[in-house]
Amino acid sequence: MKEAAQPPHADGITPTLAELVALRASALGRRPPKRGRHGVSGHALSPLRGRGMEYAESREYAIGDDARHIDWRLTARSGKPHTKLFQAERERLTLIVADTAPSLYFGTRVRFKSVQAARAGAIAAWAAVRDGDRIAALRGSIKEAPVPPAAGPRGALRVLDALVRWYSQPPADDAGLTIALDHARRLLRPGSRLVLLADPASVAEVPPQRWPALTMHNEVIVLLLSDPLERDPPQAALPFQSAEHRLELDLATTAQRQRWRNEFLGPIEAALAQLPARGVRVQLMSSEAPSESWLPLLGPARAA
């Protein structure tokens, strides 16, 4: 698949809002999947939107819920805020979880991995608009609240604005992917779609038991951000320069290349081999790949 022409303002180092807005055409160009079954456990989705008059159940309050529908009796009994759900409220939630590990802010081909993450997240947001979903986003942070769920282009733009902020430079308060997934679990509800943008090394640090808990009632997609240099370095001395010092690795030696492979290819291979067995759809997203190349993952689950 040929990469679409980049907007003139896209430098591949920091994402821009205009760049992410322009990706709407890439998401809308794909035929939406049939509603009702998405290869995940949970209730079938209904095209109905809004709140009906028939009470269905109560659940813990999540950021973005309507405060007018707080279940005060259950809140008083449990000590935690709960909100009422009604029978006609069947919009699916698409939650974009952004890994902001410092290792993502790097690239050698076309764009930084961080920019590819922002672009893939934008594709997910526009696909959610296309499918009539509510859209939310979060990162691993103790201080910053998630972008609350909202539908339509307005909801997408709020998420895109957050992706630009998060992927322009490494956030100083990054708390890690495990914290982000803890936040996500509290926000998700049965039938949701979770799209995770992550460095393979971050995914490797997530305890294995976290994944079945996320996939039990939700559709989970993991996009592994990678750079060609990480997967296939030259067999030569490779210099690296940081703000503090200069480092040179002799990747012509067998020992150094094996250490490089363990550091970069090991997490990729482990994720690709292990996550599908835990119900996760996973794809490697190279920095030079078309940002919409992962969209086929949104289709029905494929047999192994």
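Student: In which sense do strand β3 and strand β4 pair?

Tutor: In this predicted model, strand β3 covers residues 93–98 and strand β4 covers residues 134–139. One example of a link between these strands is I96, whose bridge partner in β4 is A137. Over 6 bridges, the sense in which β3 and β4 pair is parallel.

Student: Why is one side of β5 and of β10 left without a neighbour in the sheet?

Tutor: The open sheet has 6 strands with mixed pairing, and their order is β5-β4-β3-β6-β7-β10. Strands β5 (147–151) and β10 (281–286) therefore stand at the edges, and one side of each is left without a neighbour because each has a single partner strand.

Student: Which strands does helix α5 touch as it packs on the sheet?

Tutor: Helix α5 is made of residues 152–168, and its direction makes about 150° with that of β5. In packing on the sheet, helix α5 touches β3, β4, β5 and β6.

Student: Which element gives the most residues to the largest nonpolar core?

Tutor: The largest nonpolar core has 39 residues, and L163, Y167, L197, L223 and W294 are those with the most contacts inside it. The elements giving two or more residues to this core are β3, β4, α5, β6, β7 and α4. With 11 residues, the element that gives the most is α4.

Student: With which residues is W294 in contact, leaving aside its neighbours within four places in sequence?

Tutor: W294 is among the residues with the most contacts inside the largest nonpolar core. Once the neighbours within four places in sequence are left aside, the residues in contact with W294 are A120, I123, A124, V195, I221, L223, Q283 and M285.

Methods:
Residues are numbered from 1 along each chain as its sequence is written. This is a predicted model: local features need pLDDT of at least 70, side-chain atom pairs count only at pLDDT 80 or more; totals for chains, interfaces and linings use all residues. Side-chain values use heavy atoms; hydrogens and water are left out. Two strands pair if DSSP finds at least two bridges between them. Helices (H or I, at least four residues) and strands (E, at least two) are DSSP runs, numbered from the N terminus. Contact means heavy atoms within 4.5 Å. Axes are lines fitted to C-alpha atoms, for helices over the stretch in contact, and angles run from 0 to 180 degrees between N-to-C directions. A nonpolar core is a set of buried Ala, Val, Leu, Ile, Met, Phe, Trp, Tyr and Cys residues joined through side-chain atoms within 4.5 Å. Buried means under 20% relative accessible area, exposed over 50%, partly exposed in between (1.4 Å probe, protein chains only).
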